[in-house]
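Thanks for coming. I will take a few minutes to walk through one protein, going from the overall fold down to single residues.

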Amino acid sequence: MPDLFAYTDGACSGNPGPGGWGVLMRAMDGDTVVKERELSGGDAATTNNQMELMAAIMALETLSKPSKITVVTDSAYVKNGVTGWIFGWKRNGWKTSSKKPVKNVELWQRLDAAQARHDVTWEWVKGHAGHPENEKADELARAGMAPFKR
C-alpha cells in the first residue's frame, strides 16, 4: 500500500483580503510517485490562517475512505493548533486559556472532524525555503487566490 502525503499551503493578499489554499496530494511507493492530485480554491475576503486551515481541511475531506496520511504544512499555527492547543480548547468549550473564544473556531472544528476519520501524522516545514512540494502547494494557493484578486 502506498504512503499518502498532503502538502498544504495558504496565501493571502492583504490580511484580511483575497486568499487561496492549495494542496498537493501524493501517493508514494518508496521514492516513486504512484499518483498525484492538485487541489486549490480561495475566497474573496479571508485571512492567511483561514486559508492555511482550509488547505489542511480540504486535504483530509477529499479522501473518500479512512486513510493513513502525513499532512505537511508550513503553518506553525495549523501544526501547533491541531497537535496541541485543540485539546485544551475542546476541554474548555472552544475557549482559549484566557477564556476568550477560539479564533476561526468553525474551521478548527471542521479540521478536528476531518482528521478524526484518518490516521494523521502532522509535519511542519519551513515555507519559501526551496522545499519542492511546499513550493508547489504555495503555487496552487496563489492560483486559488487569483480569481478573487482585483
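Predicted model: local features only at pLDDT ≥ 70, side-chain atom pairs only at ≥ 80, totals over all residues.

Residues are numbered from 1 along each chain as its sequence is written, and side-chain values use heavy atoms, with hydrogens and water left out.

First, the fold. The protein has four helices and five strands, where helices (H or I, at least four residues) and strands (E, at least two) are DSSP runs numbered from the N terminus. Along the sequence the order is β-β-β-α-β-α-α-β-α. The C-alpha trace spans about 50 × 40 × 30 Å along its principal axes. The radius of gyration is 15 Å, which agrees with the value near 15 Å for a compact globule of 150 residues. That radius is taken over C-alpha atoms, and the globule rule is 2.2 Å times the number of residues to the power 0.38.

Of the 150 residues, 47% are buried. Buried means under 20% relative accessible area, exposed over 50%, and partly exposed in between, with a 1.4 Å probe and protein chains only. Contact means heavy atoms within 4.5 Å. Among contacts between residues at least 6 apart in sequence, 67% join residues at least 24 apart.

Next, the interior. In soluble globular proteins, nonpolar side chains tend to be buried together. A nonpolar core here is a set of buried Ala, Val, Leu, Ile, Met, Phe, Trp, Tyr and Cys residues joined through side-chain atoms within 4.5 Å. The largest one has 32 residues, and V23, M25, L60, I69, W108, L111 and W122 touch the most other members. Several elements supply at least two residues each, including β1, β2, α1 and β4. Helix α1 gives the most, with eight residues. Another core, of six residues, lies apart from it, with Y7, V125, A137 and L140 among them.

Which residues does M25 contact beyond its neighbours within four places in sequence? The list is F5, A6, K35, E36, R37, L39, A59, T62, L63 and I69.

A55 sits in helix α1 and is buried, at 0% relative accessible area. Leaving out residues up to four places away in sequence, A55 touches T8, D9, W21, G22 and V23.

K136 is in helix α4, residues 132–145. Its relative accessible area is 24%, so K136 is partly exposed. With residues up to four places away set aside, K136 touches L24 and E38. K136 and Y7 are 129 residues apart in sequence, but their C-alpha atoms are 8.3 Å apart in space.

Last, the backbone. Most residues other than glycine have a negative phi, and most peptide bonds are trans. The peptide bond from N15 to P16 is cis, with omega near 15°, and P16 lies in the loop between β1 and β2. W94 has a positive phi, near 60°, and is found in the loop between α2 and α3. H128 also has a positive phi, near 55°, in the loop between β5 and α4. Are these two buried or exposed? W94 is buried, at 17% relative accessible area, whereas H128 counts as exposed, at 59%.
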